[in-house]
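Here's my note on the structure you sent over. Have the 3D view open while you read, and click on each residue as it comes up.

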Amino acid sequence: MSDSKTPRVGIIMGSESDLPVMKGAAEILQEFEVPFEIRVLSAHRTPHLSQEYAESALDRGLQVIIAGAGGAAHLAGVIAAGTPLPVLGVPVLTKVDGLDSLLSMVQMPSGIPVGTLAINGAKNAALLAIQILATSDPDMLQRMVTYKAEMVEKVKAMDGRVQAHFE
Ligand code: RP5
């Protein structure tokens, strides 16, 4: 059973240090009024909790999971292994350069996909999660249509300002 408060999207991250990036996903979901939950779960430091999270996600009403991690970023893959839900991965920038995180996520072997976003791409992960929800939710679809229309207006305004600057 789900109601308007049951989380539909799960945001998880490997460490609290990922929060400055991952809060971008939370802010987008808030803007679209999508109920979500947000947790710190580590694939290597709390493997049992991560597995429990993945295995209970569907029954708890989640529809999409966004997983952010840095370094040897296996959290999204571990979660994807334990749930039939779509998992979106956000590689978090590290001291190296973030390519370590990106490749750890995007190079999942065949069979267990992780839909990997750009390095630090938490906002796009949330937008993609909303688009996934919108495939079976007309209200969410309308919100996405409105969001895109507003973006068009913002770019038109930028265009006008830039042109005016050099007139
Ligand atoms: C990963 O290691 C986390 O996702 C984080 O990006 C990185 C560093 O974690 P902390 O040392 O800051 O806890 O597991």
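Predicted model: local features only at pLDDT ≥ 70, side-chain atom pairs only at ≥ 80, totals over all residues.

1. Find Arg45: an N or O atom in its side chain sits 3.2 Å from an oxygen atom of the ligand.

2. Two more side chains are worth a click here. Asp18 has a polar side-chain atom 2.6 Å from a ligand oxygen. For Ser15, the distance from a side-chain N or O atom to an oxygen atom of the ligand is 2.7 Å. How much of the ligand's accessible area does the protein cover? On its own the ligand has 360 Å², and the protein covers 65% of that.

3. Now colour in the whole neighbourhood. Around the ligand you'll find Gly14, Ser15, Ser17 and Asp18, then His44 and Arg45, and finally Ala69 and Gly70.

4. Next, the inside of the protein. The largest nonpolar core is made of 28 residues, and Met22, Phe32, Val34, Ile66 and Ile130 have the most contacts within it. Which elements each supply at least two of its residues? They are strand 1 (9-13), strand 3 (64-70), strand 4 (87-92), helix 1 (19-31), helix 5 (122-134) and helix 6 (138-165). Helix 5 is the top contributor, giving eight residues.

5. Zoom in on Val34 for a moment. Leaving out residues up to four places away in sequence, Val34 touches Arg8, Val9, Leu29, Ile130, Leu133 and Met140.

Notes:
Residues numbered from 1 in each chain as written. Heavy atoms only, no water. Core = buried A, V, L, I, M, F, W, Y, C linked by side-chain atoms within 4.5 Å. Buried < 20%, exposed > 50% of the residue type's maximum accessible area, 1.4 Å probe, protein only. Helix = DSSP H or I, 4+ residues; strand = E, 2+ residues; numbered from the N terminus. Contact = heavy atoms within 4.5 Å. Near = heavy atom within 4 Å. Polar contact = N/O pair within 3.5 Å; in protein donor to acceptor, adjacent residues only side chain to side chain. Areas by Shrake-Rupley, 256 points an atom, 1.4 Å probe, with all protein chains shown as cover.
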